[in-house]
Amino acid sequence: HKGNSFGNKKFKADPCANNQGAIISFDKNKRNMCTKECYALFAEYKEKLLQEDTQEETATESTEIDISASIAQELDELKDRSNQITMQAKDLGANCLGFVQVTDPKGNFSAVDFFRSIFKEIKQTQIAKTRSLHRLIPIERTCVATIGAINEKLEPLLKERLGPNVPAKSYAIAFKRRNNSGIKREDIHTLIFATVKSPHTVDLKNADVTIVIEVVNTW
């Protein structure tokens with residue numbers, strides 16, 4: 001990444017892209033410090049969580065590669081920086097709110113799995129990792145703030161996680177909007193109820209799955 005602040009990098013949802021990352025919140029005038037903490041957190045757990053899979057995949061092959069081939073492979077990896085998973089902070093145009101976008105050229109990254117692993121470790125160790133970062137909400141898909149665009153991104157996820165052939169789960173809906181009056185809570189509920197049916201049931205107190213919809217400005 002370049003720099004430690006959001007700067008003028010405004011987030012714009014690409015209708016054709018499946019942008020992942022997280023919405024972050026922080027106190028007024030703490031944006032830059034929060035950004036530094038997010039970069040540090042991502043760098044630490046990127047090494048812990050993402051490199052393990054790569055090491056497992058290559059361990060069985062390493063003994064079969066001779067020295068010259070190994071050197072050539074390392075040079076290729078150094079040249080091909082474009083395949084690295086990266087994070088970039090974006091400005092949402094809302095007070096005390098930002099978005100950290102994670103880009104994985106290979107398409108294997110899961111924001112929910114990645115950040116859930118971080119949450120679990122912090123809960124187990126009881127060691128605080130941040131001071132300025134108040135809240136982090138993993139985001140699997142982004143889109144412009146229209147009902148049609150939301151449904152286009154939401155429906156495939158619902159069918160995958162809460163489809164008719166998936167074992168019964170309880171679910172809750174967490175909807176929040178900021179600087180936007182066009183998207184109504186009832187409209188979101190209608191979209192979800194049209195896709196998620198029996199055997200799945202709503203449970204507002206102790207759900208197995210929470211469907212999170214965050215609307216900020218026009219995305």
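Which strands does helix α3 (residues 111–125) lie across? The note below takes this up in point 4.

1. Basis. This is a predicted model, in which local features need pLDDT of at least 70, side-chain atom pairs count only at pLDDT 80 or more, and totals for chains, interfaces and linings use all residues. Residues are numbered from 1 along each chain as its sequence is written, and side-chain values use heavy atoms, with hydrogens and water left out.

2. Overall make-up. The protein chain holds five helices and seven strands. Helices (H or I, at least four residues) and strands (E, at least two) are DSSP runs, numbered from the N terminus. Their order from the N terminus is β-α-α-β-β-α-β-α-β-α-β-β. Of the 219 residues, 37% count as buried. Buried means under 20% relative accessible area, exposed over 50%, and partly exposed in between (1.4 Å probe, protein chains only). The accessible surface comes to about 13700 Å², and 48% of it belongs to carbon and sulfur atoms. These areas come from the Shrake-Rupley method with a 1.4 Å probe; for residues, only the protein chains shown count as cover. Among contacts with a separation of 6 or more, 79% join residues 24 or more positions apart. Contact means heavy atoms within 4.5 Å.

3. The four-stranded sheet. Four strands form an open, antiparallel sheet in the order β2-β3-β1-β4. β2 (86–91) and β4 (133–139) stand at the edges with a single partner strand each, so one side of each has no neighbour in the sheet. The twist averages 25° from one strand to the next. Two strands pair if DSSP finds at least two bridges between them. β1 (residues 20–26) and β3 (residues 97–103) pair over six bridges, and Ile-23 stands opposite Phe-99 in β3. β2 and β3 also pair over six bridges; here Ala-89 faces Val-100 in β3. Their hairpin has five residues between the strands, and Gly-93 takes a positive phi near 75° there.

4. Helix α3. To answer the opening question, α3 lies across β1 and β4, running at about 145° to β4. Axes are lines fitted to C-alpha atoms, for helices over the stretch in contact, and angles run from 0 to 180 degrees between N-to-C directions. α3 has 15 residues and reaches 21 Å from its first C-alpha to its last, close to the 21 Å expected. The expected span is 1.5 Å times one less than the number of residues. Its buried residues are Ala-111, Phe-114, Phe-115 and Ile-118. They cover an arc of only 85° around the axis, which puts them on the same side of α3. The arc is that of the directions from the helix axis to the C-beta atoms. The face turned away from that side carries the exposed Lys-123 and Gln-124. Just after α3, Gln-126 takes a positive phi of about 60°.

5. Ser-25. This residue sits in β1. Ser-25 counts as buried because its relative accessibility is 18%. Beyond neighbours within four places in sequence, its contacts include Cys-34, Cys-96 and His-134.

6. Helix α5. In α5 (residues 185–195), the buried residues are Ile-188, Leu-191, Ile-192 and Thr-195. Their arc is only 90° around the axis, so they lie on the same side of α5. They pack against α4 (147–162), β5 (170–178) and β7 (209–216). Exposed Glu-186 and Thr-190 are on the face turned away from the buried side.
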